[in-house]
Amino acid sequence: MSVAEQEAVGAARFDLAAGELLGKARVQPALRQQFDGGAALHDPGPRLHGEDHVGAEDGGEPLRRRTMESVTISGPTHTLIQLTDLHLVAEGDSLPGGVDTAALLGRALQAVAGAAVGPDGAGPSALVFTGDLTEHGRPEEYRRLRAIVEPAAERLGAPVVLTAGNHDDRAALRQHLLGEPPSPEPFDHVVRLGALRIVVLDSTVPGYAHGALRPGQLAWLRAQLAEPAPAGTVLALHHPPLPSASPLAASIRLVHPEELGAAILGTDVRLVLAGHTHVASAGTLGGIPVWTGGPLATTVDGLAPGATLRTLGAPSVSRIDLFTDGLLTTSVPIAAEVVADVPGEEMEPRLAALREAAGVD
Ligand SMILES: [Fe+2]
Ligand SMILES: [Fe+2]
């Protein structure tokens with residue numbers, strides 16, 4: 001066995017020991033609020049109204065044992081591919097820095113097409129776009145976006161879920177991307193993916209860069225969430241209800257995030273998906289995981305000093321795996337340099353040896 005394999009087996013043994021130490025008792029939903037730090041990587045899964053209490057059905061297992069049980073190794077029930085902050089421009093235009101976001105979008109969709117994700121590796125359950133689809137909100141930008149995304153989604157057999165961002169124009173989006181009447185009303189809607197529900201909220205304020213939700217939108221959200229979905233709900237909006245490592249993003253954040261938190265507390269919302277900040281980050285809102293996907297356009301350097309705005313060429317998409325009793329969000333670089341590419345048929349026997357050593361399927 002090579003040194004690398006020995007190290008991997010050693011790591012696997014450590015994980016197994018930790019699993020045995022922490023046990024396999026079931027997590028109670030309300031415990032998510034007591035363990036915010038890890039909530040973005042494992043939630044207790046779909047919940048029903050009225051279940052938010054710390055139960056004692058399991059005879060009072062220690063808290064640490066119950067929290068670790070939600071880390072699942074079974075296959076996902078749904079896999080969402082999140083693409084955000086494309087800032088697509090019309091043909092012949094380019095973003096500052098010369099970023100060709102149409103080419104990056106093509107690369108991203110190509111990568112998704114080659115991936116065996118989703119239940120049984122059958123492909124993604126949906127492509128979820130969380131806003132700033134275009135740079136200027138112009139008709140020709142939406143038509144270009146449609147020409148790129150529509151055939152790719154058809155080949156994947158994956159529905160497309162769209163969210164408006166502050167660079168978008170509601171009326172132009174509806175008319176030129178969806179072929180609908182050009183209404184300027186908030187682009188709020190619900191998409192069902194089998195048992196899973198995606199609720200899309202329009203957090204944009206026309207003419208401004210910051211985000212806000214009107215009282216009518218929050219009332220609409222509460223009405224939608226009054227009935228839980230069998231596999232729970234993912235809430236998508238452009239402006240994340242979180243602080244940001246980017247001073248620019250923090251200056252154009254969602255105002256009054258606590259109102260959104262109050263609207264989803266105690267509902268079946270399992271995850272909030274957002275974009276806007278151009279920095280991949282995870283946090284929680286009232287204990288519910290919030291994932292801000294990394295952008296396809298320029299990434300903001302989260303360690304730049306002071307108010308410095310330093311942008312990086314580090315495009316990514318996010319892969320959101322939803323399990324029966326948990327979830328996993330993964331940021332995947334696009335167009336990055338490949339430093340190793342070991343074929344699956346060569347890796348499989350090595351992985352089998354590691355699984356055997358770890359005692360896992
Ligand atoms: Fe953006
Ligand atoms: Fe934005």
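Strand β8 is mostly covered: 4 of its 5 residues are buried. Buried means that 20 or more other C-beta atoms lie within 10 Å of a residue's own; exposed means 12 or fewer, partly exposed is in between, and C-beta atoms are placed from the backbone. The model is predicted, so local features need pLDDT of at least 70 and side-chain atom pairs count only at pLDDT 80 or more, while totals for chains, interfaces and linings use all residues. Residues are numbered from 1 along each chain as its sequence is written, and chains are lettered from A and ligands numbered from 1 in the order in which they are written.

- Strands (E, at least two residues) and helices (H or I, at least four) are DSSP runs, numbered from the N terminus.
- β8 pairs with β9 in the antiparallel sense, over 5 bridges. Pairing requires that DSSP finds at least two bridges between two strands.
- T284 stands opposite P289 in β9.
- The two strands, β8 and β9, form a hairpin with 2 residues between them. In the turn, G286 has a positive phi of about 60 degrees.

**Helix α8**
- This helix spans residues 257-264, and its buried residues are P257, L260, A263 and I264.
- Down the axis of α8, these buried residues fall within an arc of 120 degrees, so they line one face of the helix. The arc is taken from the directions from the helix axis to the C-beta atoms.
- An α-helix has 3.6 residues a turn, so residues three or four places apart point the same way.
- The cover over the buried residues of α8 includes α6 (215-225), β6 (233-236), β7 (269-274), β8 (281-285) and β9 (288-292).
- Just after α8, G266 takes a positive phi of about 80 degrees.

**The largest nonpolar core**
- A nonpolar core is a set of buried Ala, Val, Leu, Ile, Met, Phe, Trp, Tyr and Cys residues joined through C-beta atoms within 7 Å.
- The largest one has 63 residues; A108, V128, V161, I198, L235, A236 and V272 touch the most other members.
- Helix α3 (residues 101-113) gives the most to this core, with 6 residues.
- Beyond its neighbours within four places in sequence, V161 is in contact with residues including V128, F129, I198 and A236. Contact means C-beta atoms, placed from the backbone, within 7 Å.

**Two positive phi values outside glycine**
- D120 has a positive phi near 60 degrees. D120 sits in the loop between α3 and β2 (126-130), and is exposed, with 8 other C-beta atoms within 10 Å.
- H278 has a positive phi of about 65 degrees. H278 lies in the loop between β7 and β8, and is buried, with 28 other C-beta atoms within 10 Å.

Technical notes
Two residues are in contact if their C-beta atoms, placed from the backbone, lie within 7 Å.
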